[in-house]
Amino acid sequence: MPRKHLVANQTNRRQQLQAKLWQKLAREIKAAVKVGGPNIEANPRLKAAVDKALQNNLSRESIERNINGSNKENDQMELKEFECYGPNGLQLVISALTNNINRTISNLNSYLTKLHGQIAKPNSVKIFFDNVGYIAVYKKANNDVDKIMELTLPCNVIDVIEQADAIEIKTVPADFYKTKDILKRNQIEILDAEIKLLPQNPINGLNLDDKRRLEKFIDACDQDDDIQWIVTNYEGD
């Protein structure tokens, strides 16, 4: 194949992935509005969804359109979380926003069969995950754990963890933005920041076949229009 065709295919693939990401970001905004209403300051999930959308270059016009979308459209969408087990202690929490729950369950069961997993009973998996505000900042000579702990004293911080190249801060969700704002005001460069589920007991060491199945499962979920996000307790090797 001529190189220009390869480049064109790669460009099209990137554009498709970007379009898929924007679609999921827009749907997460709709999901947040459905749960907590359209007031960004009074709805932490919506605020987090808007922040993530802006970080990924979704236009403000699109964000406003999805916040102020028709109530009829939102009423047709059902927000659903699935808790699942996979092989060798793998735990998964999957969020979906769908107008056809039977289709979503059918697709998810198909993906789980290939993973050698299954849907679990409500609250049998999610109890092993904590909902936290998560912020990762660059670790530098003048930016260490002691400094971060001092700056965030006014906040309800759960933990501060030093990694090789970064410092991770976990807060209660209600103090996520307060902590983030303090770090920004003190010129602390933020790598990542979001409210999310984190596993209480991360696992690693899946065998090669299980890792490949998990990768294919995550890819299938990413490609599914109904599935918003997936969280697992697998942290890699």
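**Figure 1. Surroundings of Leu92 in the predicted model.** Leaving aside neighbours within four places in sequence, Leu92 is in contact (heavy atoms within 4.5 Å) with residues that include Phe82, Glu83, Cys84, Tyr85 and Gly86. Further along the chain, its partners include Leu115, Val125, Leu214 and Phe217. Ile230, Val231 and Thr232 are also among them. This is a predicted model: local features need pLDDT of at least 70, side-chain atom pairs count only at pLDDT 80 or more, and totals for chains, interfaces and linings use all residues. Residues are numbered from 1 along each chain as its sequence is written, and side-chain values use heavy atoms, with hydrogens and water left out.

**Figure 2. Two nonpolar cores.** A nonpolar core is a set of buried Ala, Val, Leu, Ile, Met, Phe, Trp, Tyr and Cys residues joined through side-chain atoms within 4.5 Å. Buried means under 20% relative accessible area, exposed means over 50%, and partly exposed lies in between (1.4 Å probe, protein chains only). The largest core has 19 residues. Leu92, Ile94, Leu108, Leu214 and Phe217 have the most contacts inside it. At least two residues of this core come from each of β1, β2, α5 (101-115), α8 (208-223) and β8 (227-232). Helices (H or I, at least four residues) and strands (E, at least two) are DSSP runs, numbered from the N terminus. A second, separate core has 16 residues, among them Val145, Ile148, Ile167 and Ala193. In soluble globular proteins, nonpolar side chains tend to be buried together.

**Figure 3. The open sheet of four strands.** The strand order is β5-β6-β4-β7, with antiparallel pairing. Two strands pair if DSSP finds at least two bridges between them. β5 and β7 (190-199) stand at the edges, each with a single partner strand, so one side of each has no neighbour in the sheet. From one strand to the next, the twist averages 20°; axes are lines fitted to C-alpha atoms, for helices over the stretch in contact, and angles run from 0 to 180 degrees between N-to-C directions. β4 and β7 run antiparallel and are joined by 9 bridges. Gly133 has Ile195 of β7 as its bridge partner. Strands of a sheet pair through backbone hydrogen bonds, either parallel or antiparallel.

**Figure 4. Salt bridge between Glu28 and Arg45.** A salt bridge is a side-chain nitrogen of Lys or Arg within 4 Å of a carboxyl oxygen of Asp or Glu. The closest N and O atoms of Glu28 and Arg45 are 2.7 Å apart. Glu28 lies in helix α1 (residues 3-36) and Arg45 in helix α2, so the pair ties together parts 17 residues apart in sequence. Glu28 is buried, at 15% relative accessible area. Arg45 is partly exposed, at 27%.

**Figure 5. Further salt bridges.** The model has 10 salt bridges by this rule. Glu162 and Lys139 meet at 3.2 Å, N to O. Glu162 lies in strand β5 (residues 157-162) and Lys139 in the loop between β4 (129-138) and α6 (145-151), so this pair links parts 23 residues apart in sequence. Lys139 is partly exposed, with a relative accessible area of 30%. Lys47 and Glu41 form a salt bridge at 3.3 Å, N to O. Glu41 is exposed, at 63% relative accessibility. Arg27, Arg103 and Asp226 are linked in a network of salt bridges.

**Figure 6. Asn233 after β8.** Asn233 is found in the segment after β8. Asn233 is buried, with a relative accessible area of 1%. Its side chain reaches the backbone nitrogen of Gln91 at 2.8 Å. Leaving aside neighbours within four places in sequence, Asn233 is in contact with Gly89, Leu90, Gln91, Phe129, Pro199, Asn201, Pro202 and Ile203.

**Figure 7. Two asparagines with positive phi.** Most residues other than glycine have a negative phi. Asn57 has a positive phi of about 65°. Asn57 sits in the loop between α2 (44-55) and α3 (60-67) and is exposed, at 60% relative accessibility. Asn88 has a positive phi of about 55°. The loop between β1 (78-85) and β2 (91-98) holds Asn88, which is exposed at 56% relative accessibility.

**Figure 8. Lys121 and Phe82.** Lys121 is in the loop between β3 (118-119) and β4. Lys121 is exposed, at 68% relative accessibility. The C-alpha atoms of Lys121 and Phe82 are separated by 8.6 Å, and the two residues are 39 residues apart along the chain.

Technical notes: Polar contact = N/O pair within 3.5 Å; in protein donor to acceptor, adjacent residues only side chain to side chain.
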